[in-house]
Amino acid sequence: MGKLFTCEEVAARYSVTVNTVWDWIRTKKLNALKIGKRYQIREEDIIAFEKSSLISN
């Protein structure tokens, strides 16, 4: 398994709020793993998210 990112790290990467990242996860725009009570996002899921053209970085 590749690197895992927190919602906070993803939010900082795209200059959005953590609530926006949670919304992307909730609406299935961004895949995430729930580990305990926290979401973790795999590097390959971030790459797929970027390629889906929902966001440009």
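Predicted model: local features only at pLDDT ≥ 70, side-chain atom pairs only at ≥ 80, totals over all residues.
1. **Where D45 sits.** D45 belongs to helix 3, which spans residues 43–51. Is D45 buried or exposed? Its relative accessible area is 8%, so D45 is buried, since the cut-off for that label is under 20%.

2. **What surrounds D45.** The D45 side chain makes a polar contact with the side chain of R42, at 3.0 Å. Leaving aside residues up to four places away in sequence, D45 touches L30 and N31.

3. **The buried side of helix 3.** D45, I46 and F49 are buried in this helix. Why do they fall on the same side of helix 3? They cover an arc of only 100° around the axis, and that places them on the same side.

4. **Aromatic pairs: Y14 and W24.** The model has three aromatic pairs. One of them joins Y14 and W24. The ring centres are 5.9 Å apart and the planes stand at 75°, so this pair is edge-to-face; the cut-off for that class is over 60 degrees. Y14 lies in helix 1 and W24 in helix 2, 10 residues apart, and the pair links distant parts of the chain. Y14 is buried, with a relative accessible area of 9%. W24 also counts as buried, at 12% relative accessibility.

5. **Aromatic pairs: W24 and F49.** W24 also forms an aromatic pair with F49. Here the distance is 4.8 Å centre to centre, with 45° between the planes, and the pair is tilted. W24 is in helix 2 and F49 in helix 3, so the pair ties together parts that are 25 residues apart in sequence. F49 has a relative accessible area of 3%, so F49 is buried.

6. **The ring cluster.** Which residues do the ring pairs link into a cluster? They are Y14, W24 and F49.

7. **A charge over a ring.** One further ring deserves a look. The charged end of K3 sits over the ring of F5, 4.7 Å from the ring centre.

Technical notes: Residues numbered from 1 in each chain as written. Heavy atoms only, no water. Helix = DSSP H or I, 4+ residues; strand = E, 2+ residues; numbered from the N terminus. Buried < 20%, exposed > 50% of the residue type's maximum accessible area, 1.4 Å probe, protein only. Polar contact = N/O pair within 3.5 Å; in protein donor to acceptor, adjacent residues only side chain to side chain. Contact = heavy atoms within 4.5 Å. Arc of directions from axis to C-beta. Phe/Tyr/Trp six-rings, centres within 6.5 Å; stacked < 30°, edge-to-face > 60°. Lys NZ or Arg CZ within 6 Å of the ring centre and 35° of its normal.
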